[in-house]
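Colleague: I am new to this structure. Please take me through the inside of one chain, step by step.

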Amino acid sequence: MAPLGAIVQRESGRDTIERARARASLIPSLLVEAQRVANTVFSGWHGRRKRGVGENFWQFRPYTPGENMSRIDWRRSARDESHIYVQDKEWQATHTVWLWVDESPSMLFKSDAATVAKQSRALVLAFAMAELLAKSGERVGWLGLTRPILSRNAAEKLAEALILGKPQTEFPKAPDLGQHSDLIIISDFLDPVEQVSGQLESLFKRGTRGHVVQMVDPVEEVFPYKGRVEFSDPETGEKFTAGNAEMLKAQYEAEIAARSEAIRQTTNKLGWSFTRHHTDRLASEALVQLHTHLGERAL
Amino acid sequence: MFGLPLAFTSPWLLMALISLPIIWWLLRLTPPKPQEEVFPPTRILARLQEKEETPAQSPWWLTLLRLLMAALVIFAMAGPILNPDETALKGDGPIMIVMDDGWASAQEWETRRNTALVLIEEAKNAGRTVILESTAGHENWTGEPLSPEEAASLLQASESIAIEPDHSKTAQRIKAKIKSNNPGQIVWLSDGLSREGTKQLGDTIISTNKATTLYQADIENLLLIETISNEPKELFGTLARAQSDGAQEASIIARDLKGLVISRTNALFNDGETKTRFAFDGPVELRNQIARLEVETAKNAAAVQLLDDNNRRRLVGLISGENFDRNQPLLSPLYYISRALEPFSDLRRADDANVTASVPELINQGVSAIALADVGVITEAAEKQLTKWINEGGVLIRFSGPRLAASPEGNLLPVAIRPGDRNLGGALSWETPKSLAPFERDSPFFGINPPRDVLVKKQLLALQETNLEEKTWATLEDGTPLVTAKKQGAGWIILYHVGSDADWSNLPLSGTFVEMLRRTVNLSRSNGTIPSNNETISLPPLRVLNGEGQFIPPETSIKPLVISAGDSKTVTPENPPGFYGTEDGFTALNLFEEETNLVPITQEGFIGDFEKQNYLTGASFDFKIWLIVLAAILLLIDCLAVLWMAGALRTKRPTRSAVANISILVVGLWVLTNTSPVFAQETDENFDFQSALKTRLAYVVTGITDVDNISEAGMRGLTFFISSRTALEPGEPIGLDISQDELSFYSLIYWPVDPRAELPSPETVARIDAYMKEGGSILFDTRDQVSGVLGGTSASPAAKTLQQILSTLDIPPLEPVPTDHVLTKSFYLLERFPGRYAGGELWVEKSQNLNPVEGRRPARAGDGVSSIMITSNDMAGAWAVDGSLRPLLPTIPPDPTQRNYAYRSGVNLMMYALTGNYKADQVHLPALLQRLGQ
């Protein structure tokens with residue numbers, strides 16, 4: 001019997017961005033077809049861009065007397081002969097959505113039952129989200145890789161950055177996370193539950209609203225293995241031989257369900273959303289779900 | 001073998017035991033190379049397994065168990081037999097096997113034959129010839145010495161015969177054989193019964209002074225049906241058995257000609273009884289169809305009784321020339337006929353003394369015979385009908401009397417009658433009353449002995465004619481005819497020259513009269529199986545019985561049954577029991593028709609002693625199957641042990657699931673064994689019970705999965721919302737099959753309208769209509785506010801569907817919910833009723849403006865709740881939540897307030913449906929107005 005699953009080639013941003021576009025383009029059209037209200041889905045996440053108190057640069061404008069002198073941007077003013085400029089920050093409510101996809105070796109797993117590897121699906125999801133967000137004028141950034149990008153082609157830029165950057169196998173430290181940003185984390189969360197919970201909580205402490213997406217290969221859930229099987233962990237290389245794999249099925253399934261539940265509990269506790277996505281299902285499903293969560297959260 | 005009475009059918013298979021060490025080695029061998037799998041959650045797996053600590057090799061006792069299993073299978077395949085069949089031949093020279101091969105051997109024929117075959121096998125090993133002797137008369141058993149092979153093949157092809165073995169004949173035959181062939185040993189395979197000639201046969205065998213062996217059969221299970229009589233109320237039979245110890249119950253089955261079971265009865269032998277009676281009741285028409293009685297468990301020809309026309313109860317019509325409404329029944333001419341006919345036939349009295357009227361009536365009832373008691377003149381019409389009926393097989397029995405004596409005319413008399421009667425022994429006669437002459441051989445009455453004290457005082461005299469003697473069945477002492485008969489067509493005309501009452505003779509008072517009438521009536525429809533004259537009839541075999549009592553098509557060796565008048569039918573090898581004749585008319589030949597005593601052969605005092613042997617049956621015990629069963633049990637234990645070692649039986653959860661599995665299995669079996677309608681009924685009740693006890697939100701199952709899923713999730717969401725915000729705590733929401741489920745338990749039913757769903761049938765529409773009229777409310781949701789007809793101008797597909805559904809319903813005029821409608825204040829104060837979409841209106845029944853003078857709509861809508869509500873806002877979509885109570889679908893526009901209002905709308909709808917116009921009650925109006933700030 002041929003093995004049920006295998007580790008596949010890491011997918012770069014180049015191909016996935018295409019598929020993500022396809023997915024993303026599917027979302028509004030799906031909605032249009034179904035409800036003909038696509039436009040309303042994408043508006044009103046937050047107020048339009050305005051200057052205000054915030055962290056990020058918004059614009060330079062001439063200094064008006066009476067303003068706090070400390071706000072004068074001397075560097076910009078020095079380039080101009082006639083005016084003194086003040087740097088405006090963007091209003092803080094402006095939305096930044098951070099994306100992060102786990103690219104550890106375990107994410108590269110693809111079984112026969114699945115259509116794509118977890119990593120591939122995760123990237124598609126992330127890019128599709130980026131595309132959607134960028135389209136509606138949000139700032140998207142890739143945690144640990146880029147700063148938030150405000151651009152129509154933000155997804156493309158992210159993909160580019162991803163190609164150049166190192167694969168992100170470690171959980172992000174996230175120094176850049178702002179208090180009012182959203183964070184989409186896509187991973188298979190196969191590390192011990194306590195570790196995962198700790199990591200999520202540390203992100204929560206920064207005041208971020210998180211959207212956790214767990215990628216699951218169907219094989220990881222239904223455990224169809226039978227007979228004598230030697231399992232190997234693509235991450236640690238650890239090997240484990242089961243004399244009679246089907247005997248482990250019930251226990252394993254219970255354990256996996258318990259893990260998922262534990263992560264869900266954690267996210268519930270943090271007030272985050274939790275989405276479980278199987279790689280044999282359509283990416284759009286997760287996308288719609290994520291989208292709903294994001295929409296609910298943003299208000 | 002090994003000092004045990006143990007033998008193997010294929011001992012060489014035991015060689016396979018050598019392979020046990022190899023099996024042991026294989027079992028201990030390291031397992032095969034595992035399948036290699038990349039599996040990311042391997043760490044989780046490994047953690048699971050840490051708790052288990054499975055040993056690398058299977059424990060020694062498991063290996064032992066498996067080796068034992070293998071050894072058992074090998075032993076089983078070698079065919080072990082405990083107490084193998086062994087006989088010992090004695091003497092030398094040919095072996096004579098005298099075999100009882102009659103009906104009593106049929107049941108155990110296999111063991112008898114096998115015993116004989118074992119003997120033959122041994123003779124073959126000893127190089128001796130075999131003489132086969134049959135006591136029942138197997139024709140092809142020549143009684144000459146045969147080679148063992150020939151004898152074996154002859155025996156293999158032989159079955160038991162359905163006749164009684166003739167021991168005296170056999171004794172004579174083998175006496176000569178013994179002399180000519182000089183057998184070295186004589187073996188008698190007896191059927192265990194002693195009969196006439198058994199002692200003779202035994203003595204003959206013993207007196208040869210050879211080695212003699214008698215195989216004694218077990219006759220405990222031998223049952224036979226002796227006699228049958230079809231009484232007015234029941235069909236009785238007698239059952240006999242050979243031994244008298246212990247109580248025994250037997251079931252007797254009655255079958256018709258086609259072999260279909262008509263009835264079944266039980267007979268019980270008490271301890272010490274060898275005879276018992278059984279009875280079949282039931283209408284005579286049904287009993288008349290019985291063609292075969294058999295003891296259910298017995299497989300022999302004597303346990304079968306075949307019934308022919310003679311056992312049938314005939315319908316006899318009675319017509320009297322007199323008014324039979326007399327107060328003195330003993331003087332009625334029909335009284336004696338009735339009494340005489342009753343035991344074996346069923347009587348139909350004509351309601352009308354008018355012969356013309358009563359004849360067709362009786363014929364229509366299907367009578368086989370008609371008795372005319374002292375009827376003189378028969379009208380032409382009646383005569384015509386009677387003649388036709390007689391030609392078809394009817395039997396007309398006429399009795400004399402004053403009326404017939406007065407006008408002895410017409411064609412319906414067997415002989416010409418001299419008018420007037422003949423007086424014997426009267427005051428004016430010197431003749432004395434005459435008694436009956438013995439019946440002639442060619443008379444159907446032959447065999448009956450008329451008692452001397454039957455005297456005839458008056459009779460009708462027949463005119464002399466040439467063939468008068470042929471027509472006469474009975475005469476008086478002086479030769480004058482007493483009973484004359486004429487065959488006409490298929491039937492008979494029979495005249496009793498005496499009256500049917502005691503006036504003319506005391507014949508009607510005697511038992512002879514009963515017997516004579518019985519034979520007379522039996523002529524009807526029996527198509528001549530009883531020869532009337534001094535002739536013999538030859539009946540071809542129709543179906544015959546084999547030794548086991550089964551019908552077989554007659555073989556060529558079976559001869560026609562020849563019956564001559566007065567002869568009783570006997571069973572011979574040429575005439576085995578069965579039906580003889582043609583399909584239209586046949587007679588039954590049975591092994592036993594009289595009382596029979598079954599005597600065990602052990603009570604026979606032979607002049608010498610036989611060496612006694614038992615048949616080779618229960619002694620040898622083939623325990624191959626038991627070894628295999630044992631191996632299977634061990635296999636089961638092995639499986640359990642493996643499961644246990646793998647921990648499947650240890651942790652709590654799998655145990656519970658195993659229990660659940662078993663219970664599912666048990667329930668499944670139970671369901672299978674019970675009829676499904678019953679089951680459906682029960683679940684229905686359960687289902688109704690649940691709904692009746694708790695208020696539940698209900699939705700209509702459309703059959704479209706995604707719609708139904710959203711409906712279900714929506715109801716769940718609303719249920720949660722209602723439970724957490726109001727005093728109402730609804731039960732689990734329920735999906736309804738609108739065409740079948742009982743709707744009366746639900747006050748509000750949510751109906752998502754989808755153009756893909758099937759339109760309800762007219763019956764369903766009637767149900768919906770009834771539900772709405774009885775006070776239920778249905779919330780139709782077209783879920784298409786954006787394009788819907790209620791919000792827009794053109795009709796959307798869902799709206800069209802809704803229109804189609806509603807077109808057949810009795811719908812009152814509708815209006816959008818007015819601002820002062822109860823719905824707006826039944827729980828929350830609401831102005832609009834959004835769902836996923838906010839734009840659609842909620843339509844309800846137009847409220848009756850009860851107070852037009854006031855000019856403003858009061859917050860009441862008559863007495864009832866609007867039975868129909870229509871929205872296009874996709875309420876369920878807004879309510880729908882997943883397992884962790886998170887909304888499933890975004891609202892449009894994505895506004896959590898809108899979702900909140902959607903839930904509130906749901907609460908208001910539910911409250912409205914439950915409380916009706918309670919909130920609209922005037923009592924509360926001031927408070928409501930105050931809150932509304934008006």
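Modeller: Start with a pair of facing residues: B:Ile186 stands opposite B:Thr212 in β9(B). This is a predicted model, where local features need pLDDT of at least 70, side-chain atom pairs count only at pLDDT 80 or more, and totals for chains, interfaces and linings use all residues. Residues are numbered from 1 along each chain as its sequence is written, while chains are lettered from A and ligands numbered from 1 in the order in which they are written.

Strands β7 (residues 185-189) and β9 (residues 211-216) of chain B run parallel, joined by five bridges. Strands (E, at least two residues) and helices (H or I, at least four) are DSSP runs, numbered from the N terminus. Two strands pair if DSSP finds at least two bridges between them. β9(B) also runs parallel to β35 (residues 611-614) of chain B, through four bridges. There, B:Gln216 stands opposite B:Asn614.

Now the helix. Seven of the nine residues of α10(B) (residues 333-341) are buried, so the helix is largely enclosed by the rest of the structure. Buried means that 20 or more other C-beta atoms, placed from the backbone, lie within 10 Å of the residue's own. Among the buried residues are B:Tyr335, B:Tyr336 and B:Leu341. They belong to a set that packs against elements of chain B including β17 (314-320), β27 (491-499) and α15 (511-522).

Last, the largest nonpolar core. Of its 79 residues, B:Ile97 and B:Val130 touch the most other members. Strand β4 (residues 95-99) of chain B gives the largest share, five residues. A nonpolar core is a set of buried Ala, Val, Leu, Ile, Met, Phe, Trp, Tyr and Cys residues joined through C-beta atoms within 7 Å.

Terms used. Buried ≥ 20, exposed ≤ 12 C-beta atoms within 10 Å, placed from the backbone. Contact = placed C-beta atoms within 7 Å.
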